[in-house]
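Hi,

Here is the structure I said I would pass on. Have a look at it first, and my notes follow below.

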Amino acid sequence: MQRDLVWDGCVNVRDLGGLPTVDGGVTCWGRIVRSDNPSRLSDRGWEALHAHGVRTVITLRTVGTEDAEPDPAAVPPDVAVERVFVEDATDAEFRRRCIETGWWATPLVWPEMLRSWPQRCAAVVGAVARAPQGGVVVSCGIGRDRTGLATFLLLALAGVPADVIATDWARSLEALAHDPLAQSLPVLEILERERSTVGDAVHAALALGVEGRLLAGGASPADVRAARARLVE
């Protein structure tokens, strides 16, 4: 199967199936898709989303900012759209540590989120875990930053190795190379300035213990099991 999906209107869409896990398994196809903002989808794009088996779209949002939302008239009637606020741009500490540094556009923010805002990480995982039967899309404005955090959490729970998680995140840079919305922050320059790499950031976040941080943030053991089961049998 093909990881990169062609959904007319969006440019950064990937199925999270087919990825190796540390125990020798492979993540399941058609369970979770990462995407840029589905408000961009044309009617044909929504048809492709539906044909892929998606029945829940989770739009990841930031308190204090605005994103375009999918037009309810365009959404297939059996597809639910749920909004989850994963960041708070009105939080002074979040602004100082993540926005002013530019970290929120890079994987450097993942350890910060797990340390300081585990409840928001738990909310994302809980939304995926409790989604009805069918495929789930996790999305944000360009499908790289907030979606990158959500994808990291889900792949970490599934036991996907750090280098594979890093490679998946970097794949968004290629997909967004010509997207004007993605050019506002030079993410690779930020990583170089901090003398870090995508892989370093992934390892630092994994070292914190993703499952334990999610449980501390309010995710239930059932949420963790259900989120993991979305990707691995």
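**The second largest pocket**

The second largest pocket comes out at a volume of about 150 Å³. This is a predicted model, where local features need pLDDT of at least 70, side-chain atom pairs count only at pLDDT 80 or more, and totals for chains, interfaces and linings use all residues. Residues are numbered from 1 along each chain as its sequence is written, and side-chain values use heavy atoms, with hydrogens and water left out.

A pocket here is an open set of points on a 1 Å grid over the protein atoms alone, where a 1.4 Å probe fits, with protein on both sides within 12 Å along at least five of seven lines; lining residues have an atom within 4 Å of a point. The volume is the space filled by probe spheres set on the points, which are joined across faces, edges and corners.

Among the lining residues are R144, L173, Q183 and E189. The lining divides into 8 nonpolar, 2 polar and 2 charged residues (Ala, Val, Leu, Ile, Met, Phe, Trp, Tyr, Cys and Pro count as nonpolar, Asp, Glu, Lys and Arg as charged, the others, Gly among them, as polar). Helix α7 gives the most, with 3 residues (helices are DSSP runs of H or I, at least four residues, numbered from the N terminus).

**An aromatic pair**

The whole structure has 3 aromatic pairs (ring centres of Phe, Tyr or Trp, its six-membered ring, within 6.5 Å). In one, F94 and W117 have ring centres 5.2 Å apart and planes at 85°, so the pair is edge-to-face (planes over 60 degrees apart). F94 sits in helix α2 and W117 in the loop between α3 and α4, 23 residues apart.

Cheers

Technical notes
Helices (H or I, at least four residues) and strands (E, at least two) are DSSP runs, numbered from the N terminus. Rings of Phe, Tyr and Trp (its six-membered ring) pair if their centres lie within 6.5 Å; planes under 30 degrees apart count as stacked, over 60 as edge-to-face and the rest as tilted.
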